[in-house]
Amino acid sequence: MEVFVTAINKLIIIFMLVLIGCFAKKKDIIDDCFIDKFSGFLTKIVVPCFIISSMQLSYTPELLQKGIVVFVTCMIMHIWGMLVGFGTGKLFRVPHMNLGIWVFSCMFANIGFMGVPVISMIFGGNSVFYCAFATAAFNLASYTLGIWIIGRYGDGSRPVEISLRQLLKLPVNIAIIIGIILFIANIQLPEAIGGTVKMVGDMIAPLAMIYIGAVLGRMHLKEMIYDRWAYVISGIRLIVVPLTAYLMLRPFITDQLVLGVVIVGLSTPIGAYCAILAAQYGADEKTASRYIFISTALSILTMPFFFFLFI
C-alpha cells in the first residue's frame with residue numbers, strides 16, 4: 001500500500017509540473033522563443049549531465065550486461081513498433097503523405113523528455129543507468145531508420161541523408177560514450193566536477209515536465225482535439241505497443257527493473273522529434289504536432305497502468 005501511495009504522489013507531482021509549464025505559457029510568462037531555446041538547454045546540457053551522473057557507478061559485469069540487454073531489447077521493440085505502424089497504417093488506409101509520421105509515431109516514444117525523468121522518479125536506483133542504454137537505442141534507430149521512414153513518405157523535397165558523424169556529435173550520445181568509458185574504467189569524477197554534473201542532471205525531472213507543459217500550452221486546443229486519427233494513433237502508441245511488448249518480453253526478461261525501464265519507456269507519448277523530422281523532410285508537420293499533443297495529454301491517464309505492473 002505504501003508503494004502504491006508513493007507512486008500516486010509522484011504521478012501527481014509530474015502532473016503538477018506539466019500544469020506549471022502550461023500555465024506559464026498561457027499567461028505569457030514564457031514565450032515560444034524561450035521554449036525553443038529551453039529545449040536545446042535540456043538536450044545539450046541537462047540530459048547529458050544526467051546520463052553521465054547516472055553512470056557514475058562501481059563497475060560490475062552484471063550491470064553492464066543488463067544495460068546491453070536494455071539496448072538490444074529497445075532496438076527490437078523499435079522494429080516491432082515499425083511493424084505495428086505499417087500494419088495499422090494499411091488497416092486504417094493512412095494516406096501515403098502521412099504514413100511516415102504514422103509509422104514513426106508507433107516506433108518512437110518520448111524516452112528523453114518524459115521517459116527518463118518519469119522512470120527515475122518512479123523506480124530510482126539503477127533505473128537511471130539503464131535509461132542511458134535505452135536512450136542510445138532510441139538515438140541510433142531514430143537517426144537512421146526513423147529518418148529514412150519520414151523521408152520515404154514525405155513530399156520528396158529533401159533527400160534523406162543519414163550521417164554517422166552527425167549521430168556521434170549529438171551531446172546525448174557523447175555523454176553516453178563518456179559515461180560508459182568512465183563506468184567500465186571504474187573512474188569516479190572529482191567531487192567538484194561530479195557534484196556539478198549531478199546537480200545539473202538532477203534538474204531533469206522538473207525541467208523536462210515543465211517544458212512538456214509549455215509545449216502543450218502553446219498549441220491551439222481546437223485544432224488538436226478534432227483530429228480523430230490523433231486519438232487512434234495515440235491509442236496504438238500508448239496502449240497497443242507497450243502492452244504487446246510487455247506480453248512478448250515478460251517470459252524472457254526476468255529482471256523486473258530491466259523490464260520496467262523498457263515497458264515504461266515504451267508507454268510514453270510520441271516524441272517531439274517526429275514533428276522536427278516532418279518539417280525537415282517534407283512531411284506534414286501539423287499532423288505530427290497534433291499526434292504529439294493528443295498522445296502527451298492522454299499519456300497522463302495511460303502511463304500509470306504500466307507503472308503499477310512493476311510496483
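**Core, helices and surface**

Phi of R93 is near 55°, a positive value in a residue other than glycine, and R93 sits in the loop between helix 3 (61-91) and helix 4. This is a predicted model. R93 counts as exposed, because its relative accessibility is 74%. A second residue of this kind is D28, which has a positive phi of about 60° although it is not a glycine. D28 is found in the loop between helix 1 and helix 2 (32-54), and with a relative accessible area of 61% D28 is exposed. As background, most residues other than glycine have a negative phi.

The interior comes next. In general, nonpolar side chains tend to be buried together in soluble globular proteins. Here the largest nonpolar core has 108 residues, and those with the most contacts inside it are I51, V70, I101, V118, M209, Y211 and I263. Helix 6 (residues 127-152) gives the most to this core, with 15 residues. What does I51 touch, once its neighbours within four places in sequence are left aside? The contacts of I51 are A132, V172, A175 and I176.

Helix 5 is largely enclosed by the rest of the structure, because 11 of its 12 residues are buried. The buried residues are I111, F113, M114, G115, V116, P117, V118, I119, S120, M121 and I122. V118, in this list, is also among the residues with the most contacts inside the largest nonpolar core. Helix 5 spans only 14 Å between its end C-alpha atoms, whereas a straight helix of 12 residues would span 16 Å at 1.5 Å a residue. Just after helix 5, G124 takes a positive phi of about 65°.

Is N110 buried or exposed? N110 counts as buried, because its relative accessibility is 9%. Not counting residues up to four places away in sequence, N110 touches G115, I212, T268, P269, I270 and G271.

Helix 14 (residues 273-280) also has buried residues, namely Y273, C274, A275, L277 and A278. What covers them includes helix 4, helix 6 and helix 15 (285-307). Just after helix 14, G282 takes a positive phi of about 75°.

Helix 15 also holds T302. T302 counts as buried at 17% relative accessibility. Leaving aside neighbours within four places in sequence, T302 is in contact with L238 and I239. The C-alpha atoms of T302 and I178 are separated by 35 Å, and the two residues are 124 residues apart along the chain. Another separated pair is G87 and K27, which are 60 residues apart in sequence and 42 Å apart in space, C-alpha to C-alpha. G87 is in helix 3 and is partly exposed, with a relative accessible area of 38%.

Charged pairs are the next topic. Side chains of opposite charge can pair when their charged atoms come close. The count comes to 5 salt bridges. One of them joins the side chains of K66 and D255 (2.6 Å, N to O). K66 lies in helix 3 and D255 in the loop between helix 12 (228-249) and helix 13 (256-266), so the pair ties together parts that are 189 residues apart in sequence. K66 is partly exposed, with a relative accessible area of 22%, and D255 counts as partly exposed at 22% relative accessibility.

In another pair, D202 forms a salt bridge with K198, the closest N and O atoms being 2.9 Å apart. D202 is partly exposed, with a relative accessible area of 45%, and K198 counts as partly exposed at 44% relative accessibility. Salt bridges that share partners join E62, K66 and D255 into one network. The side chains of K25 and D32 also meet in a salt bridge (3.7 Å, N to O). K25 counts as buried at 12% relative accessibility, whereas D32 is partly exposed, with a relative accessible area of 38%.

Last comes the surface. Which residues form a nonpolar patch there? They are I12, F15, M16, L19 and I300, with about 410 Å² of accessible area together. The largest share of the patch, 4 residues, comes from helix 1 (residues 2-26). L19 is in helix 1 and is partly exposed, with a relative accessible area of 39%.

Key
Residues are numbered from 1 along each chain as its sequence is written. This is a predicted model: local features need pLDDT of at least 70, side-chain atom pairs count only at pLDDT 80 or more; totals for chains, interfaces and linings use all residues. Side-chain values use heavy atoms; hydrogens and water are left out. Patches are made of residues with over 30% relative accessible area and no salt bridge: like charges are joined within 9 Å, nonpolar side chains (Val, Leu, Ile, Met, Phe, Trp, Tyr) within 5 Å. Accessible areas come from the Shrake-Rupley method with a 1.4 Å probe; for residues, only the protein chains shown count as cover. A salt bridge is a side-chain nitrogen of Lys or Arg within 4 Å of a carboxyl oxygen of Asp or Glu. Helices (H or I, at least four residues) and strands (E, at least two) are DSSP runs, numbered from the N terminus. Buried means under 20% relative accessible area, exposed over 50%, partly exposed in between (1.4 Å probe, protein chains only). A nonpolar core is a set of buried Ala, Val, Leu, Ile, Met, Phe, Trp, Tyr and Cys residues joined through side-chain atoms within 4.5 Å. Contact means heavy atoms within 4.5 Å. The expected span of a helix is 1.5 Å times one less than its number of residues.
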